[in-house]
Amino acid sequence: MELLAALLNMALLASAVRLTVPILLTALGAVYSERGGVVNIGLEGIMIMGTFFGASVTHLVATALPVPGAEAGATHAIAPVAGMLAAMAAGVLFSLVHAVVAVTFRVNQIISGVVLNMLAVGLARFLNILFFGVATQSPGISGFEPWSVPVLRDVPALAPIATGISPVIPSALVLLGLGHWVLLRTVFGLRLRAVGEHPLAADTLGINVAAMRYAGVLISGALAGLAGGYLSIEQGRGYLEGMTQGRGFIALAAMIFGNWWPLGALGASALFGYFDALSLRVVHTRIPYQFITVLPHIATIFVLAGFMRRAVPPAADGIPYTKEEA
């Protein structure tokens with residue numbers, strides 16, 4: 001019973017929710033891209049760009065717009081908003097490279113994604129030296145004012161999960177519900193799924209396959225950039241090299257575990273987020289700490305090894321399309 005109580009501790013669950021958000025947002029973006037038929041393993045690199053530009057723009061805006069009459073170090077409320085928007089814009093621009101290479105020039109999508117991941121590491125380091133004079137971290141920043149849930153925050157047992165909530169967390173849940181509705185109930189979602197399943201049939205019906213695939217990749221970039229911005233602005237309070245810790249790849253596993261659907265990705269992301277939170281909190285145990293820290297990655301390997309055969313990807317996922325060759 002003590003072990004069960006420890007595993008369901010409210011503070012642990014609250015931490016798991018916070019750690020689930022960046023994986024969930026990136027996995028949701030991956031659903032858009034792959035439902036349109038484009039594999040995007042460059043999400044890790046896009047997240048890195050989001051972390052850097054999110055923190056950097058927040059710092060620059062906070063420096064340029066000091067709060068009149070406030071104590072030293074107080075940050076204007078618009079600074080983290082600008083940071084989040086910059087992170088999303090950086091994600092869109094970086095994913096545009098993948099879209100051009102994979103959709104227009106029909107280069108192997110896996111190779112393109114790998115190049116993006118390698119490019120992001122070097123580019124973030126170069127820009128950080130250029131802007132801040134150091135290679136691996138930006139100045140500290142302040143994030144959003146945290147929220148609390150009325151009534152629930154006064155219940156001692158629920159206080160850890162009902163207080164100190166980042167506004168990005170409910171926003172992520174709204175984006176999740178919106179994504180499910182868009183993919184299932186809208187014309188855009190139907191067309192996106194069509195080009196991912198049978199692009200020739202979609203083309204025959206007058207759907208612009210390339211435009212739909214571009215849209216899927218760019219949406220995935222915006223969401224992965226937002227996830228990166230959340231990591232640096234809300235969790236890290238600044239950019240730190242390596243702070244994504246492979247969450248872009250874990251998000252891809254979550255998408256596969258969720259069978260390429262938003263709600264499925266939520267369950268898988270929550271599982272990974274819980275293991276991540278557990279690895280941060282379980283320190284005093286007979287089990288070596290190094291083993292605890294790799295739990296999320298071990299879960300990823302089990303997911304990919306055990307569920308890949310049962311998962312059903314879109315039929316044309318990862319297959320370039322050209323009208324002339326169809």
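Biologist: How does the span of helix α4 (residues 78-104) agree with 1.5 Å a residue?

Modeller: The expected span of a helix is 1.5 Å times one less than its number of residues. Helix α4 has 27 residues and should therefore span 39 Å; its end C-alpha atoms lie 37 Å apart, which agrees. Just after α4, Arg106 adopts a positive phi of about 55°. This is a predicted model, in which local features need pLDDT of at least 70 and side-chain atom pairs count only at pLDDT 80 or more, while totals for chains, interfaces and linings use all residues. Residues are numbered from 1 along each chain as its sequence is written, and side-chain values use heavy atoms, with hydrogens and water left out.

Biologist: How many helices and strands does the chain have?

Modeller: Helices (H or I, at least four residues) and strands (E, at least two) are DSSP runs, numbered from the N terminus. The chain has 14 helices and zero strands.

Biologist: How is the packing of two helices described?

Modeller: One gives the angle between their axes and the distance between the axes. Axes are lines fitted to C-alpha atoms, for helices over the stretch in contact, and angles run from 0 to 180 degrees between N-to-C directions. The axes of α2 and helix α10 (residues 209-235) come within 6 Å and cross at roughly 170°. That makes α2 roughly antiparallel to α10 (angles under 35 degrees count as roughly parallel, over 145 as roughly antiparallel, 65 to 115 as roughly perpendicular and the rest as oblique).

Biologist: At what angle do α11 and α12 pack?

Modeller: Helix α11 (residues 247-257) and helix α12 (residues 262-281) pack at about 135°, with their axes 7 Å apart. The two helices are therefore oblique to each other. Their contact includes Ile250 and Phe257 of α11 and Ala268 and Phe272 of α12.

Biologist: Is Thr20 buried or exposed?

Modeller: Buried means under 20% relative accessible area, exposed over 50%, partly exposed in between (1.4 Å probe, protein chains only). Thr20, which lies in helix α2 (residues 10-35), has a relative accessible area of 9% and is therefore buried. Leaving aside neighbours within four places in sequence, Thr20 is in contact with Ser269, Ala270 and Gly273. The C-alpha atoms of Thr20 and Leu271 are separated by 8.1 Å, although these residues are 251 apart along the chain.

Conventions. Contact means heavy atoms within 4.5 Å.
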